[in-house]
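Q: Please take a close look at one part of the structure shown here, and then set it in its surroundings.

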Amino acid sequence: MEFVNKMFHPRLVIPFSTFGTLVGCTVLAKDYFAGGKCKSKAMVDGKVFIITGANSGIGKETAMELAKRGGTVILACRDMKKAEKARKEIILGSGNVNVRAMELDLASFSSIRRFAEKVKSDESNLHVLINNAGVMRCPKWNTEDGLEMQMGVNHIGHFLLTNLLLDKLKASAPSRIINVSSIAHKVGQIHLEDLNSEERYNSAEAYANSKLANVLFTRELSKRLQGTGVTANVLHPGVVKTNIGRHTGMHQSGFSMMILSPIFWLFVKTPKQGAQTSIYCAIEEELETVSGQYFQDCKQTECADTGKDDELAAKLWDISAKVTGLQAKEETKDTPKTTIKEEGKS
């Protein structure tokens, strides 16, 4: 009783009350910044999903949830050792044995083509393609085919993969294509004559440009898919704590991370929270016919005006088709040149 009296002494009530209020507000703020949650109860038994970059982060959490809901999930990953580890963890966590790992290096056209051919030969159906993998703010690296790494992986690689799998997606309709972009697309620019950043390279700008390319690709793709039963949408997952930021200066500084960790904890999503919009776009029944839209926090919202430029989207498509060796539509006299070499040409 004496202890209780001391705890509720007038001099202690205000400090304890203030502390409790701060804790409560922090928890509410953390919940607010976690963003939307996919509330759909839909099961996806019998459906086949491909998720690129699914061995960690958002991709892995997306795969886990889809496996829990009964889907057949293909983890498309560059590092097969990490992919196999993730596969076992997802099977254990979901109780679903229909989880496979397949090698896919989005920085290699030949790897993308091998992967697509194997999917077309081995899978009778493909219902959802989630283009999730990405590279962020890396040094000036080139892909195997001579492309700037961020534009090459984030956009061009997924462009080629998607086009190679379109027939399978159409045959499995209703089906969906989901492109994971970023709010960074709002400051991105598409330099049609220097898509490869040969004239000037800034890692942050190159990342934003590649994310804008995701949005424009989705817009043009959805137009081309009208009437096929295949939809294409794009999303911003939020600011998520994954290893995609490993090339940023902040992540390379232990001191900065120590100072900023409390802020990160409050404002940055966990991978599970970051996966919610991908899951929502993949399974929400009300989205079956929705296409060409931009999503954030499990809600349809607006992308930047630049992401709605139909002329720019069409020109980007033509250049991407040339670069990857796909059949481009007939050129017009004002189609811009680009410094990116076409596949098989120097």
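Which residues does Thr-143 touch, not counting residues up to four places away in sequence?

A: This is a predicted model, in which local features need pLDDT of at least 70 and side-chain atom pairs count only at pLDDT 80 or more, while totals for chains, interfaces and linings use all residues. Residues are numbered from 1 along each chain as its sequence is written, and side-chain values use heavy atoms, with hydrogens and water left out.

Leaving out residues up to four places away in sequence, Thr-143 touches Ala-107, Glu-148, Met-149 and Gly-152; contact means heavy atoms within 4.5 Å. Thr-143 is found in the loop between strand 4 (128–131) and helix 6. Helices (H or I, at least four residues) and strands (E, at least two) are DSSP runs numbered from the N terminus. With 8% relative accessibility, Thr-143 counts as buried (under 20% relative accessible area; exposed is over 50% and partly exposed in between, with a 1.4 Å probe and protein chains only).

Phe-159 lies in helix 6 (residues 149–171) and Phe-217 in helix 7 (residues 203–224), so the pair ties together parts that are 58 residues apart in sequence. Phe-159 is buried at a relative accessible area of 0%, and Phe-217 is buried at 3%. Together with Trp-317, Phe-159 and Phe-217 form one aromatic cluster.

Phe-217 and Trp-317 also belong to the contact of helix 7 with helix 12. The axes of helix 7 and helix 12 (residues 310–324) come within 9 Å and cross at roughly 90 degrees; axes are lines fitted to C-alpha atoms, for helices over the stretch in contact, and angles run from 0 to 180 degrees between N-to-C directions. Helix 7 is therefore roughly perpendicular to helix 12 (65 to 115 degrees; under 35 is roughly parallel, over 145 roughly antiparallel and the rest oblique). Among the residues making this contact are Leu-216 and Glu-220 of helix 7 and Leu-316 and Asp-318 of helix 12.

Methods:
Rings of Phe, Tyr and Trp (its six-membered ring) pair if their centres lie within 6.5 Å; planes under 30 degrees apart count as stacked, over 60 as edge-to-face and the rest as tilted.
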